[in-house]
Amino acid sequence: MADHRLFQDIADQITALIREGVFPPGSRLPGERELGERFGVSRVTIREAEIALQAQGKVKIRAGAGVYVADDANNQGQKLPEVSAFELTEARSLFEPEAAALAASIITEPTLAKLDDLLQAMAKDGPGDDEKSTEADREFHMTIAAASGNRAIIHVIETLWRLRLELPEVRKVHESVCKHDGKSRHAEHARIVEALRKRDPQAARKSMREHFHRLLEEMLDANEKREIMELRQKSAASRARFLVSSRIG
């Protein structure tokens, strides 16, 4: 079985080539051997990547005939539903704690070392929601998802991160919160890694759940403050408008 993260990386690279027109819709992909040499991986990894791409609707595997790019490959999975930042965070709080619990029992030492490196990178980046810290955050959560060894879980969490990064309103809410909570996020991530290192599924689930609980509270507080500010501004505008008449004459 190919490494889960490796085959997904290859699938992503092939998807990028499809979008760029290197492998246009309807065309036949090069054989496993050629693709393996191109990407520097085994034929098994290529096969796993192609299976993943078929599940996403990007390619069609025809027995004895090869692998063909789907006619609508560039339209598959691109349109995202309009969800609120609260709905997204609620969904992540349901899926990601279970992914962490599953990963805790089977996580490898190299994966733990990578999470340690990401923790250091996030500490170095400091607070904020700039591109570098957001990408480190995404890689942290996706590394845990990949460690679960479950491709369905990986796909779901990848899609949730697309919502997080690609929906403007969701990004806006996160920006209003994340620039103030750098220390809290780092401490929460560190507790998640500690639970994973202890191979403790219950602690991993609890730590990840607490991470999202705190994030939801921060988002609700920020939303409440924004609504109060908007109400005060509206009230001030109304006061200024209607007191004009009392000064006439």
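Which helix gives the most to the lining of the largest cavity? H10 does, with three residues. The views below come from a predicted model, where local features need pLDDT of at least 70, side-chain atom pairs count only at pLDDT 80 or more, and totals for chains, interfaces and linings use all residues. Residues are numbered from 1 along each chain as its sequence is written, and side-chain values use heavy atoms, with hydrogens and water left out.

**View 1. The whole chain holds ten helices and two strands.** Helices (H or I, at least four residues) and strands (E, at least two) are DSSP runs, numbered from the N terminus. Along the sequence, the pattern reads α-α-α-β-β-α-α-α-α-α-α-α. The chain has 249 residues, and 40% of them count as buried. Buried means under 20% relative accessible area, exposed over 50%, and partly exposed in between (1.4 Å probe, protein chains only). Take the contacts with a separation of 6 or more: residues 24 or more positions apart account for 70% of them. A contact means heavy atoms within 4.5 Å.

View 2. The structure holds two cavities of 30 Å³ or more. A cavity is a set of points, on a 1 Å grid over the protein atoms alone, where a 1.4 Å probe fits but cannot get out; lining residues have an atom within 4 Å of a point. Grid points are joined across faces, edges and corners, and the volume is the space filled by probe spheres set on the points. Ten residues line the largest cavity, and the closest to its centre are Arg92, Asp137, His174, Arg185 and Leu215. Helix H6 (131–147), helix H8 (168–178) and helix H10 (201–242) each give two or more residues to this lining. By class, the lining has three nonpolar, three polar and four charged residues. Here Ala, Val, Leu, Ile, Met, Phe, Trp, Tyr, Cys and Pro count as nonpolar, Asp, Glu, Lys and Arg as charged, and the others, Gly among them, as polar.

**View 3. Arg92 sits in helix H4 (residues 85–106).** Arg92 has a relative accessible area of 3%, so it is buried. Leave aside its neighbours within four places in sequence: Arg92 is then in contact with Pro97, His141, Leu160, Trp161 and Phe212.

**View 4. Asn150 caps the N-terminal end of H7.** A side-chain oxygen of Asn150 lies 2.9 Å from the backbone nitrogen of Ala152. Helix H7 (residues 151–166) has 16 residues, which should span 22 Å at 1.5 Å a residue; its end C-alpha atoms are 22 Å apart, which agrees. The expected span is 1.5 Å times one less than the number of residues. Buried residues in H7 include Leu160 and Trp161, both also in contact with Arg92.

**View 5. Helix H3 (residues 43–55) has 13 residues.** H3 reaches 18 Å from its first C-alpha to its last, close to the 18 Å expected. Its buried residues are Thr45, Ile46, Glu48, Ala49, Glu50, Ala52 and Leu53. Ala52 has a relative accessible area of 10%, so it is buried. Ala52 and Ile10 are 42 residues apart in sequence, yet 9.9 Å apart in space, C-alpha to C-alpha. Just after H3, Gly57 takes a positive phi of about 80°.

**View 6. Arg199 lies in the loop between helix H9 (182–197) and H10.** Its phi is near 55°, a positive value in a residue other than glycine. Arg199 has 33% relative accessibility, so it counts as partly exposed.

Terms used. On a 1 Å grid over the protein atoms alone, a cavity is a set of points where a 1.4 Å probe fits but cannot get out, and a pocket is an open set with protein on both sides within 12 Å along at least five of seven lines; lining residues have an atom within 4 Å of a point. A polar contact is a pair of N or O atoms within 3.5 Å; within protein, one must be able to donate a hydrogen and the other to accept it, and residues adjacent in sequence count only if both atoms are side-chain atoms.
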